[in-house]
Amino acid sequence: MRNKAGALIALLALSVPAAVQAEDQYKLLVLAIPNKYHYEYIPIARDSLEHLGKLHDFSFTWANNTSVFDGDLSQYAAVMFLNTPGEELNPAQRARFEEYMRAGGNAIVVHRALITPPGEWAWYEKMVGRSFVIHPMVQTAVVTPTDKGFPATYGLPDRWIWTDEYYVTANPYKVTIHPVLNVEESSYDPTKIWPGQVAKPMGREHPVAWYHAYEKGRVFVTTLGHNGEMYRDPRYLDHLMGGIYWTATGRGQLP
């Protein structure tokens, strides 16, 4: 009897189309191109994203060059620039990505992807919401949620001990963002930098992650994520997954 039941279950599984058996909620495009300072994270981040995808029923296309932007972007719920800035895209690819966002596409910007030469692609700088100025040396600091109703903060404590590059940013285009994480400058030395360079504090308001609306889409930015081991850290992955979830679906945010 037990053998018959097992055979019946196997037969039913075979009769269900594969697309129904493993239907993903949404699909991401992840652009991760090795560069001088960020390459060791790539296999770790890819492995962690594969785990998150299996856990949360989403899929992604992993791209190590920009040719994927020559294709159909509308299939993606969001495009993630993972330590890879938009300056990597050629003019035609930039135009295609702009069209994607104007049609309701969404974007996730992680760490190094924020850094782009000032004025080279103003549209991208406005999409990010802040422009990179400089960063002090990697240091341990206290990061605090400023919006506990946003999914990228749900897995984090009220005071999170984290070690990273805390970017100093500017707002030349007067873009309104909604900060979700702030770093306390009293918990590290914001002036500690290499000889010949100068870093100045931003003050009490020093956002390190935020979101905003741009064109017809959603944008989530986290400046955290400098080294490879971070992409194994459960709390960091909770933070990143919260940003992915909100960006791709528009859901999960408390009123």
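Modeller: Thr84 sits in the loop between strand 3 (78-82) and helix 4 (91-102). Helices (H or I, at least four residues) and strands (E, at least two) are DSSP runs, numbered from the N terminus. This is a predicted model: local features need pLDDT of at least 70, side-chain atom pairs count only at pLDDT 80 or more, and totals for chains, interfaces and linings use all residues. Residues are numbered from 1 along each chain as its sequence is written, and side-chain values use heavy atoms, with hydrogens and water left out.

Biologist: Why is Thr84 called buried?

Modeller: Buried means under 20% relative accessible area, exposed over 50%, partly exposed in between (1.4 Å probe, protein chains only). Thr84 has 1% relative accessibility, so it counts as buried.

Biologist: What makes a polar contact between the side chain of Thr84 and the backbone nitrogen of Ile33?

Modeller: The backbone nitrogen of Ile33 is 2.8 Å from a polar side-chain atom of Thr84. The Thr84 side chain also reaches the backbone oxygen of Leu31, at 3.4 Å. Contact in general means heavy atoms within 4.5 Å. Beyond its neighbours within four places in sequence, Thr84 is in contact with residues including Tyr41, Ala113 and Tyr124.

Biologist: Asn65 is in the loop between strand 2 (59-63) and strand 3. Is Asn65 buried, exposed or partly exposed, and why?

Modeller: Partly exposed, because its relative accessibility is 35%. Its side chain makes polar contacts with the side chains of Asn64 at 3.3 Å and Ser67 at 2.4 Å.

Biologist: Why are helix 3 and helix 6 called oblique?

Modeller: Axes are lines fitted to C-alpha atoms, for helices over the stretch in contact, and angles run from 0 to 180 degrees between N-to-C directions. Under 35 degrees is roughly parallel, over 145 roughly antiparallel, 65 to 115 roughly perpendicular, and the rest oblique. The axes of helix 3 (residues 41-56) and helix 6 (residues 234-249) come within 12 Å and cross at roughly 60°. The two helices are therefore oblique.

Biologist: Which residues meet where helix 3 and helix 6 pack?

Modeller: Ser48, Leu49, Leu52 and His56 of helix 3 meet Leu237, Met241 and Ile244 of helix 6.

Biologist: How do you know that strand 6 pairs with strand 7?

Modeller: Two strands pair if DSSP finds at least two bridges between them. Strand 6 (residues 139-145) and strand 7 are joined by 5 bridges and run antiparallel. Thr140 stands opposite Thr163, and Val142 opposite Ile161. On strand 9 (residues 178-183), 3 bridges join strand 6, again antiparallel.

Biologist: What makes strand 6 largely enclosed?

Modeller: Of its 7 residues, 6 are buried, so the rest of the structure largely encloses it.

Biologist: Which way do the side chains of strand 7 point?

Modeller: They alternate along residues 160-164.

How values were computed: A polar contact is a pair of N or O atoms within 3.5 Å; within protein, one must be able to donate a hydrogen and the other to accept it, and residues adjacent in sequence count only if both atoms are side-chain atoms.
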